[in-house]
Amino acid sequence: ADGDLLFNVNSDIRFNPRAAEQPEWQNEDNEEFLPTGETSIDSYPNWLKFHIGINRYELYSRHNPAIEALLQDLVSQKITSVAMKSGGTQLKLIMTFQNYGQALFKPMKQTREQETPPDFFYFSDYERHNAEIAAFHLDRQVKWICVKRKVEILILDFRRVPPVAGRLVNMTREIRDVTRDKKLWRTFFISPANNICFYGECSYYCSTEHALCGKPDQIEGSLAAFLPDLSLAKRKTWRNPWRRSYHKRKKAEWEVDPDYCEEVKQTPPYDSGTRILDIMDMTVFDFLMGNMDRHHYETFEKFGNETFIIHLDNGRGFGKYSHDELSILVPLNQCCRIRKSTYLRLQLLAKEEYKLSLLMKESLLKDKIAPILYQPHLEAMDRRLRIVLKAVSDCIEKDGYDNVVENDFNADVNTVTTER
């Protein structure tokens, strides 16, 4: 239904010239782009195909061919301009491509083997480019090839993370030489080892001592496809009920009140609809990655409260493979609710033949800068999956299966989610 689509292709889509810094969009035949349906959707660039595929239930459908094509664009399209992203604590760059698509670039700050230092607070941890890539793959699906037959196995099958791909970027040609951002340009220098470096401007880790250096001018990073411009599709920002205190000494209310979920369930939008189940999905997603940094989340305003949570900004996941942060799982332990579709999928991923770590490893091999995750991180996901299933099992034993596992296969609001 039109009401379930973010855009009506015939009337809603408007190319935003301010976002692309171009007077108009033109297709390969040099014909002016018409947003009124007169131009075939097939001629749209892949980033626009991604945007018009967004609906009430997901960012993209399971078999949308534009997603694989968009991932290829992220690693191959010519970069025409670069600017620092305002806000946030760490350096991120907005990159614009030749086809006027845009992506958020997070540069490599840690090697695959490095863990977050034990004395770091979660709010001062590095944002990792490979965590953004791995989060996208965990959130979606993979094709698993068996010996005798080809079987499609889904990983979490949420499809709530915008497409992300790894790319090796030439810092001279693809950043310094194309940026009009003088503040960024001024921070470039040549290190004593004759490598090109820069550090930009931000709250954390933007100094000569924390500069990003190439080898000699190549640096890898993640590129996350932009969502539609806010002038076209407004998003609502929600405070996560289980937000941490972001303070060295203070604790959040949920950390000291074991009945905190009961209070949340009396508060809109968690008192009706599927939002509390969406929070549980996000909780499982974050626990598998070890991501403690989920202070807010966003939804598309057009769909009101009956829509999915967008899983944005996952760079602080996969920081520690030797430690499981059980506090991330508190929402599930307190609320004892989970979708049946999510529960069944988790049970499948715990089976030896569909092991989560193996599926993730296979999926991540497709990325241009693979390997993405250090093997101990993959093994940690299997361990954490067992912890999630034990938590659900304990809830079922305490409250009963029907009170814990929500049958979302027949609910009208989830029909598209489970049958897409």
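Predicted model: local features only at pLDDT ≥ 70, side-chain atom pairs only at ≥ 80, totals over all residues.

Visitor: Does Tyr-246 count as buried, partly exposed or exposed?
Guide: The cut-off for buried is under 20% relative accessible area, and exposed begins over 50%. Tyr-246 has 21% relative accessibility, so the class is partly exposed.

Visitor: Cys-336 has a positive phi in a residue other than glycine; what is the class of Cys-336 by relative accessibility?
Guide: Phi of Cys-336 is near 50°, and the residue is found in the loop between helix H10 (330–335) and strand S13 (338–339). Its relative accessibility is 2%, and therefore Cys-336 counts as buried.

Visitor: Which residue forms a cis peptide bond with Pro-269?
Guide: Pro-269 lies in the loop between helix H8 (260–264) and H9. Omega of the bond is about 0°. The partner in this cis peptide bond is Pro-268.

Visitor: What is omega for the cis peptide bond that joins Lys-215 and Pro-216?
Guide: Pro-216 is found in the loop between strand S9 (212–213) and S10. The cis bond joins Pro-216 to Lys-215, and its omega is about -15°.

Visitor: Which cysteines is Trp-242 in contact with, leaving aside its neighbours within four places in sequence?
Guide: The contacts of Trp-242 include Trp-254, Tyr-260, Val-264, Ile-276 and Ile-279. Val-330, Pro-331 and Gln-334 are also among them.

Visitor: Which residues of H13 make the contact with H9?
Guide: Two packed helices are described by the angle between their axes and the distance between the axes. The axes of H9 and helix H13 (residues 375–399) come within 8 Å and cross at roughly 145°, and the crossing is right-handed. H9 contributes Val-284, Phe-287, Leu-288 and Met-289 to the contact; from H13 come Met-381, Arg-384, Leu-385, Ile-387 and Val-388.

Visitor: Which residue in S12 is the bridge partner of Trp-238?
Guide: Strand S11 (residues 235–239) and S12 run antiparallel and are joined by five bridges. In strand S12 (residues 296–300), four of the five residues are buried. The bridge partner of Trp-238 is Tyr-297.

Visitor: Which are the edge strands of the open sheet of five strands?
Guide: The order of this antiparallel sheet is S1-S2-S3-S10-S6. Strand S1 (79–84) and strand S6 (164–170) each pair on one side only, which leaves as edge strands S1 and S6.

Visitor: At what angle to S6 does helix H3 run?
Guide: Neighbouring strands of the sheet are turned by 35° against each other on average, direction ignored. Helix H3 (residues 65–76) lies across S2, strand S3 (102–107), S6 and strand S10 (218–225). The angle of H3 to S6 is about 15°.

Methods
Residues numbered from 1 in each chain as written. Heavy atoms only, no water. Contact = heavy atoms within 4.5 Å. Buried < 20%, exposed > 50% of the residue type's maximum accessible area, 1.4 Å probe, protein only. Helix = DSSP H or I, 4+ residues; strand = E, 2+ residues; numbered from the N terminus. Pairing = 2+ DSSP bridges. Axes fitted to C-alpha atoms, helices over the stretch in contact; angles between N-to-C directions. Left-handed = near helix turned anticlockwise from the far one by under 90°.
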